[in-house]
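Please look through the sequence and the model before reading on.

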Amino acid sequence: MSGLPKFLLRRLAYLIPQLFGILLLSFCLIKTIPGNPAVLMLGPMAQPDSIAALTKRLGLDQPLPVQFLIYLKDLAHGDLGTSWQTTRPVLSDLIDRFPATIELVTFGLLVAILIGVPLGILSAMRQKSVTARIAELYGLVTGALPDFWIGLLLIFVFYTILGWAPAPLGRIDIAVIAPPTVTGFLTIDSLLDGNLDAFFSAISHLVLPVLTLGLINAGPIMKMTHSTMERMLQSDFSRFEVMSGLPRRLVMRHALHNALPPILTIISVLYGFLLGGAVLVEIVFSWGGAGQYAVQGVLNADIYPVLGFVLFAAVFSLFVYLLVDIAYFLLDPRIGR
Amino acid sequence: MNGPLVNVTDLRVEFPSLTGPDVAVISGLDLAIEPGQVVGLVGEAGAGKTVLARSIMQMVPEPGRVTKGRAELQGEDLLTMSERRLQRVRGARISMITANPRGELNPLLPVGEQIATMARVHLGQGRKESRETARAMLRKVQISDPDRRYAAYPHELSGGMAQRIVIAIALVCGPQVVIADDATSGLDVTVQAQILMLLRDLAREQNSSMLLITRDVGITAHVCDRIAVMHQGEIVEAGDRQAVFLRPAHPYTIMLLAAFSHNKRLRALWSHADADKAAPARGEQACSYVGRCPLAQARCRAEKPMLRMIAPGHEARCHFPVVR
């Protein structure tokens with residue numbers, strides 16, 4: 001594994017320019033959204049001269065490049081700006097909300113993997129079998145149905161009719177005392193605190209939104225698994241293994257090993273995408289996560305929460321991609337050596 | 001042992017066609033391989049050589065299927081064998097080598113492991129023992145520095161080296177028959193000869209029979225005991241190497257040999273024949289070669305010739321074999 005440190009260093013060197021590029025792009029994009037925050041902040045009765053004064057105080061009268069440089073300078077000091085809606089620093093807002101989203105998305109993705117990968121393998125193993133047909137239909141359905149609709153359906157069945165699930169109002173029961181924040185993940189924090197009530201309450205609140213995300217996102221994972229597994233099983237090396245009389249289980253295992261990189265890729269892409277992509281599910285379940293926060297920012301010309309969210313999401317995605325690159329490196333001897 | 005080691009009789013393999021009835025890619029084919037014998041199967045591209053090899057392995061490429069005949073290994077029909085039993089025959093008693101060695105190897109497994117896996121699966125060897133077997137096999141296929149190459153991955157090897165690994169995998173369990181389907185065509189000419197000699201020597205050492213499938217007649221001249229010439233899914237001529245090379249009887253064989261001749265005018269014969277490739281439909285009622293045959297007569301269009309003996313151990317599928 002002598003090449004791994006070198007490989008990692010090379011990957012890390014890309015991180016800073018990548019982040020800079022993402023920030024520049026999203027800054028410009030967000031600035032093209034019409035609307036002056038000063039007008040929104042002061043309300044409809046504001047005088048023009050007080051609007052002008054606030055605009056000046058916020059630095060909004062400066063040219064765009066200057067505004068960007070000021071933002072970068074503040075960023076270097078750990079200041080992500082202030083949200084005028086919550087009147088709090090964006091950093092502390094995001095530290096409150098980001099773990100909620102990550103917890104939701106992580107569990108959702110785990111469920112998606114647990115459904116998608118085995119289903120994809122099974123349907124690639126037995127073409128035209130009942131399993132393969134069900135898988136195909138499943139892929140079609142998840143592609144066609146919106147996630148919030150599934151969420152509403154689950155709420156209707158498991159909360160309204162059956163009463164098994166708690167009300168879709170946040171991450172934990174109001175009556176349960178939340179554990180002190182360590183990681184921000186309620187499931188982990190409650191366990192660290194030894195608070196089982198909080199743990200089970202957090203889990204029960206997670207079930208429906210996680211199921212919603214899992215059921216929908218299993219679709220693309222299943223399709224990718226199916227197609228790469230199929231390709232690997234039809235490849236020359238699999239055929240040669242069959243021709244050499246290797247047991248079917250071994251042939252399957254080798255094919256899966258070869259199919260893993262593309263499967264990992266789609267999972268990592270989904271992971272990054274879901275941070276923002278889960279926002280509708282967050283809204284349906286009143287999750288109070290980072291996606292909801294960012295959308296509120298976009299709707300109210302509150303640019304710092306949006307930029308902060310983009311920055312957090314970008315760092316998170318790049319971190320996930322880095323992990324995937326390491327996994328690639330370990331899986332495939334052809335990479336980076 | 002009585003009877004041939006491999007005995008293919010009346011084999012017929014069909015592929016569905018979009019426009020008409022199923023097409024027989026192989027029809028009524030007989031082929032026998034005696035123990036320890038090296039049989040060369042020659043014919044132009046599209047003759048059905050690979051389909052034949054894959055049929056013997058019970059791995060006919062989709063969507064083709066065997067519709068008739070038997071392919072026996074020591075009297076046991078491979079075509080009706082259960083998947084479980086086939087698994088124990090493939091690689092252990094019959095193995096196959098093909099033209100694309102680097103594609104045949106699992107890219108994510110050290111090549112030595114791939115040889116050792118065979119020893120574990122088919123010879124029931126343990127981890128340590130199988131590694132030893134694999135190392136010994138690497139030496140046998142003349143790979144330099146076998147201990148280091150054991151841990152190499154396929155992408156780190158040259159084509160010739162990869163083909164040696166494939167040969168090692170195919171031969172490590174000491175199979176009774178090795179089918180080499182165009183095994184050297186992807187390699188350099190100089191490497192081709194080396195690989196071919198290596199394959200022949202190893203097969204001889206293990207007393208394995210070999211079916212050597214190729215488009216290159218020259219290859220068969222060096223290593224084969226017996227030659228079978230294939231055309232449009234049929235064997236058109238078969239005989240001892242000497243007989244086929246010195247006294248070719250079927251017009252197609254003569255053309256094929258002419259194509260590999262050093263004589264320019266002889267080679268021109270082939271290109272003429274090729275230009276006139278208006279082949280007859282793969283119908284049952286005419287000789288399959290009649291459209292290209294310079295010696296065709298009325299009977300060739302009306303009646304399909306059978307493979308019949310023209311001299312001891314020498315057969316041709318022709319109404320008017322060239323006999324000297």
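In what follows, Lys and Arg count as positive and Asp and Glu as negative, while His and the chain ends are not counted. The model is predicted.

By that count, chain B carries 40 positive and 33 negative charges, and their mean positions are 2 Å apart. In chain A there are 21 positive and 20 negative side chains, with the centres of the two sets 13 Å apart.

The secondary structure of chain B consists of 13 helices and 12 strands. Chain A, by contrast, has 15 helices and 0 strands.

| Chain | Box filled by the C-alpha atoms |
|---|---|
| Chain B | roughly 70 × 45 × 40 Å |
| Chain A | roughly 85 × 55 × 40 Å |

For chain B, the radius of gyration is 21 Å; a compact globule of 324 residues would have a value near 20 Å, so the two agree.

Burial and surface can be taken together. Of the 324 residues in chain B, 54% are buried. The accessible surface of chain B is about 14,400 Å², and carbon and sulfur atoms make up 52% of that area. In chain A, buried residues are 44% of the 337 residues. Chain A exposes about 17,200 Å², with 71% supplied by carbon and sulfur atoms.

Contacts along the sequence complete the picture. Among contacts in chain B with a separation of 6 or more, 62% join residues 24 or more positions apart. The corresponding share in chain A is 72%.

Methods: Residues numbered from 1 in each chain as written. Chains lettered and ligands numbered in written order. Predicted model: local features only at pLDDT ≥ 70, side-chain atom pairs only at ≥ 80, totals over all residues. Heavy atoms only, no water. Helix = DSSP H or I, 4+ residues; strand = E, 2+ residues; numbered from the N terminus. Rg over C-alpha atoms; globule rule 2.2 N^0.38 Å. Buried < 20%, exposed > 50% of the residue type's maximum accessible area, 1.4 Å probe, protein only. Contact = heavy atoms within 4.5 Å. Areas by Shrake-Rupley, 256 points an atom, 1.4 Å probe, with all protein chains shown as cover. Charge placed at Lys NZ, Arg CZ, Asp CG, Glu CD.
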